[in-house]
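Work through the exercises below with the sequence and the model at hand. Each task is followed by a solution in steps.

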Amino acid sequence: MRERVQQTVRFVVAQEGDARHAERTASVLRELGADEELILAGLLHDRGKPAGTRLWHRVAGVLLTRLLPAMRRRLARGDSTLARYLDHARRGAAQAELEGRSVRVVRLIARHHEPPRDDDERLLARADREALP
């Protein structure tokens, strides 16, 4: 868990971290031989994160996920920045669905913080990890 918090801090300190992370995730997927839909899911997977996300939101997200998942689910309801950050996968998937993205892309975005169930999800999870600073 300490390593994940340290990664989060390094990520936030990097200027334009979210955009760079999305591009790097897509790039890693390309390098791994993923098809265009999976690469698109990698590019869009974090788009539901609110613009006002602060370091403490990210650290709280890591800690809640590891230590208090039920509390994390409760805190993800609502419209606060923390709630939107904790619920960014679902919100990003809903946005992709409204844009007419494929069912596969929407599913991958929605599930990118869940334990992977298939090869697509495993590949996206790997690229997401490898794209961290």
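In the largest cavity, α9 gives the most to the lining, with three residues. The model is predicted: local features need pLDDT of at least 70, side-chain atom pairs count only at pLDDT 80 or more, and totals for chains, interfaces and linings use all residues. Residues are numbered from 1 along each chain as its sequence is written, and side-chain values use heavy atoms, with hydrogens and water left out.

**Exercise 1.** Describe the largest cavity and its lining.

Step 1. A cavity is a set of points, on a 1 Å grid over the protein atoms alone, where a 1.4 Å probe fits but cannot get out; lining residues have an atom within 4 Å of a point. A search of the whole structure finds one cavity of 30 Å³ or more.
Step 2. The volume of the largest cavity is about 40 Å³, taken as the space filled by probe spheres set on the points, which are joined across faces, edges and corners.
Step 3. Its lining consists of L108, R111, H112, E114, P116, E121, L124 and A125.
Step 4. By class, four of these are nonpolar, one is polar and three are charged. Ala, Val, Leu, Ile, Met, Phe, Trp, Tyr, Cys and Pro count as nonpolar, Asp, Glu, Lys and Arg as charged, and the others, Gly among them, as polar.

**Exercise 2.** Is E121 buried or exposed, and which residues does E121 touch?

Step 1. E121 is placed in helix α9 (residues 119-130); helices are DSSP runs of H or I with at least four residues, numbered from the N terminus.
Step 2. E121 has a relative accessible area of 5% and so is buried (under 20%; exposed is over 50%, partly exposed in between, with a 1.4 Å probe and protein chains only).
Step 3. Leaving out residues up to four places away in sequence, E121 touches R107, L108, R111, P115 and P116; contact means heavy atoms within 4.5 Å.

**Exercise 3.** Locate G92 and find what G92 touches.

Step 1. Helix α7 (residues 88-98) holds G92.
Step 2. G92 counts as buried because its relative accessibility is 0%.
Step 3. Apart from residues up to four places away in sequence, G92 touches R47, G48 and I109.
Step 4. G92 and R47 are 45 residues apart along the chain, with 5.5 Å between their C-alpha atoms.

**Exercise 4.** How many helices and strands are there in the protein?

Step 1. The protein has nine helices and zero strands.
Step 2. Of its 133 residues, 43% count as buried.

Technical notes: Helices (H or I, at least four residues) and strands (E, at least two) are DSSP runs, numbered from the N terminus. On a 1 Å grid over the protein atoms alone, a cavity is a set of points where a 1.4 Å probe fits but cannot get out, and a pocket is an open set with protein on both sides within 12 Å along at least five of seven lines; lining residues have an atom within 4 Å of a point.
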